[in-house]
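Thanks for making time. I have one structure to go through today, so please have a look at it first.

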Amino acid sequence: MTTLPNRPNTALLIVDVQNGVVDSSHNRDEVIANINTLLAKARSEAVPVVWIQHSSDELKPDSAPWQYVPELTREATEPLIHKRYGDSFEDTELESVLAERGVGRVVVTGGQTDACIRSTLHGAMVRGYDATLVGDAHTTEDLTEYGAPAPELVISHTNLYWSWQEAPGRKGGTVETADVIF
């Protein structure tokens with residue numbers, strides 16, 4: 001379905017599962033366990049896995065908050081994309097990494113739902129990719145004190161609206177970890 005020519009492959013994106021991003025997030029341990037399940041499945045099926053790591057004033061490179069959570073382990077052959085914007089494609093080498101691997105569909109996991117996950121999903125779609133959200137493998141922190149809905153509602157709403165996302169020649173969609181097909 002992708003509008004990118006000669007891109008039959010799928011990649012698993014693991015977005016910003018860093019200490020400072022997910023430590024106080026909703027269902028943190030369950031989300032990380034689901035990402036580990038997907039990681040094992042992707043590796044066993046020789047599906048490209050791409051890690052994405054955010055840097056900012058709060059996530060300074062090489063600091064403890066910037067590091068990936070210890071429960072997830074990246075293999076040396078799996079690309080690591082460094083970013084400074086919500087959209088993992090913006091001002092990064094993600095597109096070239098995916099092109100080298102013939103990827104036209106991305107399966108998105110990680111944090112935060114209402115920031116980098118949404119931005120990356122939309123960024124993928126507008127660039128011609130099919131983009132699947134794993135509904136039980138993304139999370140966000142509680143921002144209700146700033147007027148946001150509770151985290152479980154943010155996650156639920158994102159899963160709902162992404163389920164029907166489509167554009168000419170491209171498709172979104174939301175699936176649970178157990179139903180992911182690479």
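This is a predicted model: local features need pLDDT of at least 70, side-chain atom pairs count only at pLDDT 80 or more; totals for chains, interfaces and linings use all residues.

Residues are numbered from 1 along each chain as its sequence is written, and side-chain values use heavy atoms, with hydrogens and water left out.

His54 sits in strand β2, residues 49–54. Helices (H or I, at least four residues) and strands (E, at least two) are DSSP runs, numbered from the N terminus. What does the side chain of His54 make a polar contact with? The partner is the side chain of Lys83, at 2.7 Å. A polar contact here is a pair of N or O atoms within 3.5 Å; within protein, one must be able to donate a hydrogen and the other to accept it, and residues adjacent in sequence count only if both atoms are side-chain atoms. Leaving out residues up to four places away in sequence, His54 touches several others, including Asp16, Trp66, Tyr85 and Cys116; contact means heavy atoms within 4.5 Å.

Now the whole chain. The protein chain has five helices and eight strands, and from the N terminus the order is β-α-α-β-β-α-β-α-β-α-β-β-β. Its radius of gyration is 15 Å, close to the 16 Å that the globule rule gives for 182 residues, so the chain is as compact as a globular protein of that length. That radius is taken over C-alpha atoms, and the rule is 2.2 Å times the number of residues to the power 0.38. Of the 182 residues, 51% count as buried. Among contacts between residues at least 6 apart in sequence, 79% join residues at least 24 apart.

Last, some backbone details. The peptide bond from Gly111 to Gln112 is cis, with omega near -15°, and Gln112 lies in the loop between β4 (103–111) and α4 (113–126). Asn27, in the loop between α1 (19–22) and α2 (28–44), has phi near 50°, a positive value in a residue other than glycine. At 40% relative accessibility, Asn27 counts as partly exposed. Ala46 has a positive phi too, near 55°, and is found in the loop between α2 and β2. Ala46 counts as exposed, at 68% relative accessibility.

Definitions and conventions:
Buried means under 20% relative accessible area, exposed over 50%, partly exposed in between (1.4 Å probe, protein chains only).
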